[in-house]
Amino acid sequence: MKKFDRKQMAARVAQDIPEGAYVNLGIGLPTLVADYLPKGREIILHSENGVLGVGPRPAEGEEDEDLINAGKEPVTLLAGGSYFHHADSFGMIRGQHLDFCVLGAFQVSAAGDLANWHTGAPDAIPAVGGAMDLAVGAKQVLVMMEHLTKEGKSKLVERCSYPLTGARCVNRVYTDLAVIDVKPDGLHLVEILADVSFDELQRLNGVALKYRAAA
Amino acid sequence: MIDKFFATPEAALADVPDGATVMIGGFGNAGMPARLIDCLIAQGAKELTVVNNNAGNADTGLAALIGAGRVRKILCSFPRQADSWHFDKLYRAGKLELELVPQGTLAERIRAAGAGIGGFFTPTAFGTRLAEGKETRRINGRDYVFELPIHADYALIKADRADRWGNLAYRKTARNFGPIMAAAAKCTVVQVRETVELGELDPETVVTPGIFVKRVVKLH
């Protein structure tokens, strides 16, 4: 089966971010989305360490240790960008001022529960960062993850077995196989991305998928 | 004459006692007051409770303070890093207590302390294990968790420029926790790149007014 690679997934997410949106991209895979935002759309990226209008990575030698993103990578500031302190930054998040956040995940449940901060292993050192704030705060929570675990199990599940980051907070999931909406009555297939039939996707997914083909 | 300038970091940190709660600014290296932390290590205060977003990286700064066995408890949002080995070792050995706080809740708890707020309800972490045992309330159909302020005896922060009244201007994302920690601590000690005469900072660009600052040290 030919699946979407990370770049294709990032490009597919980017396609859905509209002109004028305020967006927070999580650490890891979601950060890639920045590279694929359609040219000509003005989209303002927020980073929770206190910056709006995040620009691309600086040229080598141009890095400034005082200008980083939440992943602690050097970034630049676009004209029109601004800086603010941490409490204001999370006020923007919790206060529902961000239109979208894009987060990675270990699991998403059919009800939209998100698990992305803890594997539940008793000896694991827990670390949560801003994930719980983003999960409850952004107007639309988009998740980007591989559809299956290394063992071939679906990461879309009836109930999360890992500790929750947020309850009933995910709106849409982008995987290397499909785009799926989380709605009050369950999971709705939006689009198949991989070279896979609906029946095969349904079998792999484990959780019932609703699908209504465009009329 | 008000003069908050201190000649040396040693003088500015001389009175930090054992058992103090110390906020340390910075997010990664941006805004981390590395020289003040070095000085705190040399000063010798122990049994400290530290508030920071992380739990130190590699062998310098906060990581070195932890590695030196001076920290009893840490409140942070993201201790686990590829190079947080000093924290990892002491935490696993049960020698370092961790209070894990979501980053926005951490910031708001610090802000609340400085603003004289007795606590607040936040939607963050509702329904998760980080809300276990905490008071919750449904307000207008949304679920919230009650959180308390975090006060500190000292805040060690880094700013870009300061005058002798303690007015501060920051640089780029190095601002992060500085302004809210400055307000939440009884004694805020600031490491700055440059000190200037009164009036040289444009009042429109002062981010932390001097009322929140006790001591300023110019350090490179």
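Me: What does "buried" mean here?
Reply: A residue is buried if 20 or more other C-beta atoms lie within 10 Å of its own, exposed if 12 or fewer, and partly exposed in between, with C-beta atoms placed from the backbone. In chain B, buried residues make up 52% of the 220 residues. This is a predicted model, where local features need pLDDT of at least 70, side-chain atom pairs count only at pLDDT 80 or more, and totals for chains, interfaces and linings use all residues. Residues are numbered from 1 along each chain as its sequence is written, while chains are lettered from A and ligands numbered from 1 in the order in which they are written.

Me: How do I read the overall form of chain B, and what is its radius of gyration?
Reply: The radius of gyration is taken over C-alpha atoms, and the globule rule is 2.2 Å times the number of residues to the power 0.38. For 220 residues, a compact globule would come out near 17 Å; chain B has 18 Å, which agrees. Its C-alpha atoms fill a box of roughly 50 × 45 × 30 Å along the principal axes.

Me: How many helices and strands does chain B have?
Reply: Helices (H or I, at least four residues) and strands (E, at least two) are DSSP runs, numbered from the N terminus. Chain B has six helices and 12 strands.

Me: What share of the contacts in chain B joins residues 24 or more positions apart?
Reply: Two residues are in contact if their C-beta atoms, placed from the backbone, lie within 7 Å. Among contacts in chain B with a separation of 6 or more, 75% join residues 24 or more positions apart.

Me: Which residues of helix 2 of chain B are buried?
Reply: They are Leu36(B), Ile37(B), Cys39(B) and Leu40(B). Look down the helix axis: these buried residues fall within an arc of 160 degrees, so they line one face of helix 2 of chain B. The arc is that of the directions from the helix axis to the C-beta atoms. The cover over the buried residues includes helix 1 (9-13), strand 2 (21-24), helix 3 (61-67), strand 9 (152-162) and strand 11 (185-195) of chain B.

Me: Is Gln43(B) buried or partly exposed?
Reply: Gln43(B) counts as partly exposed because it has 16 C-beta neighbours inside 10 Å. It is found in helix 2 (residues 34-43) of chain B. Leaving aside neighbours within four places in sequence, Gln43(B) is in contact with Leu13(B), Ala14(B) and Val16(B). Just after this helix, Gly44(B) takes a positive phi of about 100 degrees.

Me: What about helix 4 of chain B: which residues are buried there?
Reply: His86(B), Phe87(B) and Tyr91(B) are its buried residues. Down the axis of helix 4 of chain B, they fall within an arc of 120 degrees, so they line one face. They pack against helix 3 and strand 5 of chain B. Gly94(B) follows helix 4 of chain B, and its phi is positive, near 75 degrees.

Me: Which strands form the open sheet of chain A with mixed pairing?
Reply: Three strands form it, in the order 7-6-9. Strand 7 (114-115) and strand 9 (156-157) of chain A stand at the edges with a single partner strand each, so one side of each is left without a neighbour in the sheet. Two bridges join strand 6 (residues 107-109) of chain A to strand 9 of chain A, and the two run parallel.

Me: Where does Ala58(B) lie?
Reply: Ala58(B) is in the loop between strand 3 (48-51) and helix 3 of chain B. Its phi is near 55 degrees, a positive value in a residue other than glycine.

Terms used
Pairing = 2+ DSSP bridges.
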